[in-house]
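Here are my notes on the model, point by point. Please read them with the coordinates open.

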Amino acid sequence: MQKAPLTNSVLINNSEIEMASYNIATRKWIRVKGTAVVESSDLIRTEIISIYPVLKQKYTEEEEIYMVIFKVMIKDISLN
């Protein structure tokens, strides 16, 4: 098994996250808090690569692929 790059290791070891986005039209923020969990499903990986073909172009050979996919287990969502 390959060793995760440092940025992935940080998220794996400190999985509590908060994401925020601002909608200019409504002038509101959305904040999502949760836990990032590594998604290990080959089906999910295949689906993501088919949705985002640039990933397939970047990772052309099987040995080169080291892409970590995280799913977020949502704990709280707020709109401000």
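1. Contact here means heavy atoms within 4.5 Å. By that cut-off, and not counting residues up to four places away in sequence, Ser-15 touches Gly-34, Thr-35 and Ala-36. Ser-15 sits in the loop between helix H1 (6-13) and strand E1 (16-23). Helices (H or I, at least four residues) and strands (E, at least two) are DSSP runs, numbered from the N terminus. Is Ser-15 buried or exposed? Its relative accessible area is 18%, so Ser-15 is buried. The classes are buried under 20% relative accessible area, exposed over 50% and partly exposed in between, with a 1.4 Å probe and protein chains only.

2. A word on the basis of these notes. This is a predicted model: local features need pLDDT of at least 70, side-chain atom pairs count only at pLDDT 80 or more, and totals for chains, interfaces and linings use all residues. Residues are numbered from 1 along each chain as its sequence is written, and side-chain values use heavy atoms, with hydrogens and water left out.

3. Confidence next. pLDDT is the predictor's confidence in each residue, from 0 to 100. The protein has a mean pLDDT of 84, and 80% of its residues reach 70 or more. Where is confidence lowest, and where is it highest? Helix H3 (residues 53-58) is lowest, at a mean of 77. E1 is highest, at 96.

4. The sheet is open and has three strands, in the order E1-E2-E3. Its pairing is antiparallel. Two strands count as paired if DSSP finds at least two bridges between them. E1 and E3 stand at the edges. Each has a single partner strand, so one side of each is left without a neighbour in the sheet. From one strand to the next, the twist averages 30°. For such angles, axes are lines fitted to C-alpha atoms, for helices over the stretch in contact, and the angles run from 0 to 180 degrees between N-to-C directions.

5. Now the E1 and E2 pair. The two strands run antiparallel and are joined by eight bridges. Glu-16 has Thr-35 in E2 as its bridge partner. Asn-23 stands opposite Lys-28 in E2. Thr-35 is also one of the residues that Ser-15 touches.

6. Check the turn. E1 and E2 form a hairpin, with four residues between them. Arg-27 lies in this loop between E1 and E2. What is the phi of Arg-27? It is near 55°, a positive value in a residue other than glycine. Arg-27 counts as exposed, because its relative accessibility is 67%.

7. How many salt bridges are there? The count comes to three, where a salt bridge is a side-chain nitrogen of Lys or Arg within 4 Å of a carboxyl oxygen of Asp or Glu. One of them joins Lys-75 and Glu-16, at 2.8 Å from N to O. This pair links distant parts of the chain: Lys-75 is in strand E3 (residues 69-79), Glu-16 is in strand E1, and they are 59 residues apart. Lys-75 is exposed at 53% relative accessibility. Glu-16 is partly exposed at 47%.

8. Arg-31 and Glu-18 form another salt bridge, with the closest N and O atoms 3.6 Å apart. Arg-31 is in strand E2 and Glu-18 in strand E1, 13 residues apart. Both ends are partly exposed: Arg-31 at 28% relative accessibility, Glu-18 at 45%.

9. Lys-71 and Glu-39 also form a salt bridge, their closest N and O atoms being 3.6 Å apart. Lys-71 lies in strand E3 and Glu-39 in strand E2, so the pair ties together parts that are 32 residues apart in sequence. Lys-71 is partly exposed, with a relative accessible area of 37%. Glu-39, in contrast, counts as buried at 19%.

10. Glu-39 deserves a separate look. Its place is in strand E2 (residues 28-39). Which residues is Glu-39 in contact with, leaving aside its neighbours within four places in sequence? They are Ile-44, Ile-69, Phe-70 and Lys-71. The side chain of Glu-39 also reaches the backbone nitrogen of Ser-41, at 3.1 Å.

Notes: A polar contact is a pair of N or O atoms within 3.5 Å; within protein, one must be able to donate a hydrogen and the other to accept it, and residues adjacent in sequence count only if both atoms are side-chain atoms.
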